[in-house]
Amino acid sequence: MIRYSSAGIRNCGHDAINEFKLLVKEAHKRGIEVVMDVVFNHTVEGNDKGPILSFRGVDNSVYYMLAPKGEFYNYSGCGNTFNCNHPVVRQFIVDCLRYWVTEMHVDGFRFDLASIMTRGSSLWDSVNVYGIPIEGDLLTTGTPLRSPPLIDLISNDPILRGVKLIAEAWDTGGLYQVGIFPHWGIWSEWNGKYRDIVRQFIKGTDGFAGAFAECLCGSPNLYQGVPMISMGDEYGHTKGGNNNTYCHDNDINYFRWDKKEESKSDFFRFCCLLTKFRHECESLGLSDFPTADRLQWHGHAPGLPDWSDKSRFVAFTLIDSVKGEIYVAFNASHLPVIISLPKRPGYRWEPLVDTSKPEPFDFLSSDLPAKEIAIKQYAPFLDANLYPMLSYSSIILLLSPDENA
């Protein structure tokens, strides 16, 4: 988007390219990776009745998935579908990706509606795609392929296999491949199930406690993952209930620096501290799924998790080589609850995070002046190995030696 550049079209756009390179370079200096969102599933034309604006003017039958009478297949929801597994098209896509890595030095790509890149191309036949005939090879346009040539080519490319490749593993034609995207051990996936389950549980919908617990473990029923937050979540950005704001060139999509500055003493502070805590904890960045050796589930009472459809409470303890042991609980009910904590002789639980408390007492950081006073307010409950949780709140407690034991 040339208008994002301060140089505009000066020097035939070359100055804008240099600006982008500088952006990536400065991000890398600060330890920030740059992952590009790329859309290789459709172009701007619309359907077969739309104007000629892009590859329709080059070779319509090569670059688009066409029905026998020339109509566009529409697996993208935008009127047309890029013919990704045609030899010419897939080489074009790989050339584009290589350019952004070798010239712009981006760290990876997120592929919009990536399942389209696994569909059989128009004019499909094994000779056309692989160069050799395959017995019994008969596929209609758009058929999902177990070994898509494009994904194969990207995954084994000496340049591209070394960067982050993230698939949005579905399309608008009903092909849903979360957990089964052909990845060659290289690709990651957007876990839409994680997103939906977490949102359902947190807002208090019945029947999601067990599924939420699986999400907390990294979705082992699907594959190992790192949760993502959306830009602006760290200062409470809202899109007013709109779940697809791609076309809004306004405050709905802008990062509001003014809002971030306004809230740096509360929610932004909380997010910074929580991010720092996550980085400090060995157990919150595992390279494999947690096992019973370090993870124990709890309910309102220790060791008694409630996985029933009516449960809105999930809690667990996690052994951590840095922090010792962590207790985490989520109360997604509209009712408060007093929970019993696991007994650890010679130790006591101390609060670190409680999202029901006003700032700055929602995160009791070491530099908080009134920290000791705040902890004393919890003492009557903690002395009895209990903790009161308000509705729609979450907590983190840490185990520390009990000086009175």
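I began with R269, which lies in helix α9 (residues 267-280); helices here are DSSP runs of H or I with at least four residues, strands are E runs of at least two, and both are numbered from the N terminus. I worked on a predicted model, in which local features need pLDDT of at least 70, side-chain atom pairs count only at pLDDT 80 or more, and totals for chains, interfaces and linings use all residues. Residues are numbered from 1 along each chain as its sequence is written, and side-chain values use heavy atoms, with hydrogens and water left out.

**Entry 1**

I looked up the burial of R269 and found a relative accessible area of 16%, so R269 is buried. Buried means under 20% relative accessible area, exposed over 50%, and partly exposed in between, with a 1.4 Å probe and protein chains only. A polar atom of the R269 side chain lies 2.8 Å from the backbone oxygen of F363. I took this as a polar contact, that is, a pair of N or O atoms within 3.5 Å; within protein, one must be able to donate a hydrogen and the other to accept it, and residues adjacent in sequence count only if both atoms are side-chain atoms.

I then noted that R269 and P360 are 91 residues apart along the chain, while their C-alpha atoms are separated by 8.4 Å. P360 belongs to the loop between β9 (347-354) and α10. The peptide bond from E359 to P360 is cis, with omega near 5 degrees.

**Entry 2: Positive phi**

I recorded two residues under this heading. Most residues other than glycine have a negative phi, and most peptide bonds are trans. H105, not a glycine, has a positive phi of about 65 degrees. H105 sits in the loop between α3 (87-102) and β2 (108-111), and its relative accessible area of 46% makes it partly exposed. W184, also not a glycine, has a positive phi of about 55 degrees. I placed W184 in the loop between β3 (164-167) and β4 (188-189); at 35% relative accessibility, W184 counts as partly exposed.

**Entry 3: N385**

I found N385 in the loop between α10 (371-383) and β10 (386-389). With 17% relative accessibility, N385 counts as buried. Its side chain reaches the backbone oxygen of L341 at 2.6 Å, and a polar atom of the N385 side chain lies 3.5 Å from the backbone oxygen of P342. Leaving aside residues up to four places away in sequence, I listed I339, S340, L341, P342, K343 and W349 as touching N385; contact means heavy atoms within 4.5 Å.

**Entry 4: Helices α6 and α7**

I examined α6 (residues 192-202) and α7 (residues 209-216), whose axes come within 9 Å and cross at roughly 130 degrees. Axes are lines fitted to C-alpha atoms, for helices over the stretch in contact, with angles from 0 to 180 degrees between N-to-C directions. The two helices are therefore oblique to each other. Angles under 35 degrees count as roughly parallel, over 145 as roughly antiparallel, 65 to 115 as roughly perpendicular and the rest as oblique. The contact is made by Y194, I197, V198, F201 and I202 of α6 with A209, A211, F212 and C215 of α7.

**Entry 5: The whole chain**

Buried residues account for 42% of its 405 residues. The C-alpha atoms fill a box of roughly 80 × 55 × 40 Å along the principal axes.
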